[in-house]
Amino acid sequence: MTDSTHIASEQEARDVAEAAREADWSGASFARDIYLGKFSLDLIHPAAKEDPAEIARAKPFMDALREFLGRVDSDMIDRTGEIPEEYINELRAMGAFGIKIPTEYGGLGLSYSSYVKAIALVTSKDGSLTALLSAHQSIGLPQPLKLFGTDEQKKKYFPRMAKGAISAFALTETDAGSDPANLRLTATPTADGKHFVLNGEKLWCTNGTRAELFVVMAKSPDAIVRGKPRRQITAFIVEKAWPGVEVVHRCRFMGLKALENGVIRFNNVKVPRENILWGEGKGLKLALITLNTGRLTLPASVASGGKALLEMSRTWAMERVQWGAPIGKHEAVAQKIASMASNTFAMECISALTVALAERGDYDIRLEAAIAKMYNTEHGWRIVDDALQIRGGRGYETADSLRARGERPIPVERAMRDSRINLIFEGSSEIMRLFIAREAVDHHFKTAFALVDPKSSGSEKWAALARVMSFYPRWYPMRWIGRGQVPGAYGEFGQLAGHLRFAERHSRKLGRALFHAMLRYGPKLERRQLVLFRGVDIGAELFAIAATCVRAHALAKEGRSEAIALADLFCRESRRRINKLFDDFYGSDDGAMFKVALQVLKGEHAWMEDGIISMLAEPTTVVPSGRPTTERKAGAVGIA
Ligand SMILES: Cc1cc2nc3c(=O)[nH]c(=O)nc-3n(C[C@H](O)[C@H](O)[C@H](O)COP(=O)(O)OP(=O)(O)OC[C@H]3O[C@@H](n4cnc5c(N)ncnc54)[C@H](O)[C@@H]3O)c2cc1C
């Protein structure tokens with residue numbers, strides 16, 4: 001075992017991440033092809049149609065959920081920082097904690113797409129409720145149990161959760177945020193091998209303060225691989241009722257005020273071996289695979305939030321008259337409204353497409369899910385910002401304050417606070433870009449890396465050379481020729497055909513650009529995050545263009561031809577971003593920027609920070625009256 005205070009080196013962190021990566025691609029991937037310079041539109045077109053039978057099956061639940069949400073007082077939840085027990089019991093009664101759990105175990109047995117729609121509906125009303133339901137079902141126990149659980153585990157835990165036992169996903173620790181190599185919570189086997197004893201603490205565990213069940217990622221004894229120790233992370237199902245499980249602190253945040261999130265301590269917790277999920281040493285892989293589908297909820301939630309903000313903004317922009325006209329008719333505001341509409345449409349297209357692909361079964365969605373998470377949360381954040389700007393001073397005022405002085409209590413201020421976290425949890429934007437970049441260059445990596453890796457043997461280099469010679473002489477020239485150059489290609493898409501021709505041409509250009517970057521930097525490319533991230537962003541934009549055109553085309557065929565104008569505007573904006581990213585692919589200022597960053601980090605510009613009260617000064621402890629305390633006191637969690 002490694003020492004418990006040791007912070008993993010860069011190499012160790014990479015090794016842990018690589019070991020947990022799914023090395024093989026289980027199915028096709030449109031996004032993966034884009035990064036390889038191939039625009040395989042057939043993989044996503046025609047758009048999958050929703051199953052009317054599934055919609056009918058989900059209807060009673062969706063109706064009940066909608067009716068319930070109509071009665072939810074979200075300002076009260078935000079103000080008090082608590083979700084009333086009656087609300088949770090109502091959600092339990094309608095089956096909202098077992099949406100995807102098969103009916104044989106007492107769940108609603110609905111599809112992933114119905115689940116995502118339900119969560120999106122909740123988000124349009126209340127972020128704290130979304131977090132409660134989604135932390136339980138997107139990443140909490142139901143998801144990994146469905147994917148990796150044994151029959152016994154399913155029989156034992158699914159029925160409990162279908163009745164409303166809440167679960168939580170416990171990966172993060174104080175030193176292990178984005179980097180799981182620093183995980184310290186240990187799982188030590190007992191002498192008879194029948195149990196593991198868990199010791200350590202988990203941080204920011206959503207639902208942790210209320211959960212009956214946890215999925216806990218723990219460091220089990222190192223495996224010896226080729227004579228060397230290899231870190232093992234194992235996932236366990238842990239019950240809150242077991243001796244030694246303790247909630248030691250409830251965390252409070254900028255938004256999502258009623259989040260049931262905390263620090264959970266595991267003190268000599270004895271867990272039976274049969275509560276290992278999937279297998280010893282497979283915990284991190286399990287966490288990553290769970291997150292692959294789990295992260296499809298956020299893109300849909302963000303798209304739904306975008307719709308709610310769009311409805312509010314367009315109404316307000318017509319009602320509010322300043323300088324002789326509704327503010328929506330002043331060009332600067334009109335531009336925001338148009339961009340909100342086209343981007344909300346794009347977010348919905350991306351979300352619907354990724355969910356449909358995830359349901360296919362023969363498709364590897366890891367890249368699409370990461371793109372959807374990154375793209376929608378970033379675009380969603382811009383939409384919240386624009387909505388607040390359009391509401392002016394009222395956007396900054398709390399709903400309670402607006403109500404108290406007789407105005408409509410539109411909660412844009414809360415929406416902004418609630419949504420900022422979306423860019424951080426379930427994989428921060430930076431970590432998503434790193435993840436996408438790694439997957440995007442995987443084929444090149446597998447084909448050619450051994451050739452430039454100083455650690456590879458002579459025979460490995462020869463094998464790599466053979467692979468290179470059989471792949472690149474055919475692949476590279478083909479990146480210069482394609483359908484996007486043919487006038488009239490993609491004609492069936494009418495007004496949108498030009499955007500698809502652009503996307504096809506620029507997919508090939510992206511494939512070439514990433515290849516050229518590899519030739520230019522070799523193994524050092526992984527250190528050029530900004531170059532890689534520009535490539536990632538171009539791929540994400542191309543994916544968004546394709547998703548948007550395919551869905552708009554399908555909607556137009558169903559009579560909703562208005563969608564074409566939204567798709568067209570979105571593609572125009574996206575193309576401009578793509579051109580800009582290509583124009584500065586190697587980042588003419590990257591070097592100067594990094595140099596200044598190093599100077600700043602060394603404190604060489606601390607002279608500029610004169611005349612301030614430092615944020616780093618010791619904080620005063622303030623416990624707001626009428627609020628649960630968040631003081632860190634073992635065994636004393638200030639929750640109802
Ligand atoms: C409200 C809330 C709910 C949460 N719920 C859960 C939960 O239910 N279960 C759970 O296990 N965890 C949960 N988390 C933890 C969450 O997933 C982490 O906050 C997230 O993984 C980032 O870790 P960190 O905050 O420690 O950031 P750090 O890892 O310290 O990163 C700080 C910043 O540096 C960037 N960064 C880090 N490494 C790199 C790199 N190599 N290259 C470029 N940039 C980098 C990050 O993107 C980030 O911007 C929650 C957190 C919050 C705040």
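At what angle do α20 and α21 pack, and how far apart are their axes?

## Helices α20 and α21

This is a predicted model. In it, α20 and α21 pack at an angle of about 160 degrees, and their axes are 10 Å apart. Angles over 145 degrees count as roughly antiparallel, so α20 and α21 are roughly antiparallel to each other. The crossing of α20 past α21 is left-handed.

Which residues make the contact? On the α20 side they include Leu 500, Phe 502, Ala 503, Leu 510 and Leu 514. On the α21 side they include Val 531, Ile 538, Leu 542 and Ile 545. Across the contact of α20 with α21 there are 13 nonpolar residues, five polar and no charged.

## Helices α19 and α20

Helix α20 (residues 497–521) also packs with helix α19 (residues 458–478). Here the angle is about 135 degrees and the axes are 9 Å apart. α19 and α20 are therefore oblique to each other.

From α19 come Tyr 472, Trp 475, Tyr 476 and Met 478. They meet Arg 508, Gly 511, Arg 512, Phe 515, His 516 and Met 518 in α20. This contact of α19 with α20 has six nonpolar, two polar and two charged residues.

## Helices α6 and α11

Another pair is helix α6 (residues 112–123) and helix α11 (residues 297–319). Their axes come within 8 Å and cross at roughly 40 degrees. That angle makes α6 oblique to α11. The crossing of α6 and α11 is right-handed.

α6 brings Tyr 112, Tyr 115, Val 116, Ile 119, Ala 120, Leu 121 and Thr 123 to the contact. α11 brings Thr 297, Ala 300, Ser 301 and Ser 304. Sorted by type, the residues of the contact of α6 with α11 are seven nonpolar, four polar and no charged.

## Nonpolar cores

The largest nonpolar core has 108 residues. Which of them touch the most other members? They are Tyr 35, Leu 41, Phe 61, Leu 65, Phe 68 and Leu 91. Helix α21 (residues 529–557) gives the most to this core, with 16 residues.

Take Leu 65 as an example. Leaving aside residues up to four places away in sequence, Leu 65 touches Leu 91, Met 94, Ala 118, Leu 121 and Val 122.

## A buried arginine

Is Arg 414 buried or exposed? Arg 414 sits in helix α16 (residues 412–419). Its relative accessible area is 9%. Buried means under 20%, so Arg 414 is buried.

Arg 414 touches Ser 74, Asp 75, Asp 78 and Lys 125, with residues up to four places away in sequence not counted.

## Backbone exceptions

Most residues other than glycine have a negative phi, and most peptide bonds are trans. Some places in this model depart from that pattern. A cis peptide bond joins His 45 and Pro 46, with omega about 0 degrees. Pro 46 lies in the loop between α2 (30–35) and α3 (52–71).

Leu 256 is not a glycine, yet its phi is positive, about 40 degrees. Leu 256 is in the loop between β6 (245–250) and β7 (261–272). It counts as buried, at 7% relative accessibility. Trp 323 has a positive phi near 55 degrees. Its place is the loop between β9 (321–322) and β10 (325–326). Trp 323 is exposed, with a relative accessible area of 83%.

Technical notes: Residues are numbered from 1 along each chain as its sequence is written. This is a predicted model: local features need pLDDT of at least 70, side-chain atom pairs count only at pLDDT 80 or more; totals for chains, interfaces and linings use all residues. Side-chain values use heavy atoms; hydrogens and water are left out. Axes are lines fitted to C-alpha atoms, for helices over the stretch in contact, and angles run from 0 to 180 degrees between N-to-C directions. Helices (H or I, at least four residues) and strands (E, at least two) are DSSP runs, numbered from the N terminus. Angles under 35 degrees count as roughly parallel, over 145 as roughly antiparallel, 65 to 115 as roughly perpendicular and the rest as oblique. A crossing is left-handed if the near helix is turned anticlockwise from the far one by less than a right angle, and right-handed if clockwise. Contact means heavy atoms within 4.5 Å. Ala, Val, Leu, Ile, Met, Phe, Trp, Tyr, Cys and Pro count as nonpolar, Asp, Glu, Lys and Arg as charged, and the others, Gly among them, as polar. A nonpolar core is a set of buried Ala, Val, Leu, Ile, Met, Phe, Trp, Tyr and Cys residues joined through side-chain atoms within 4.5 Å. Buried means under 20% relative accessible area, exposed over 50%, partly exposed in between (1.4 Å probe, protein chains only).
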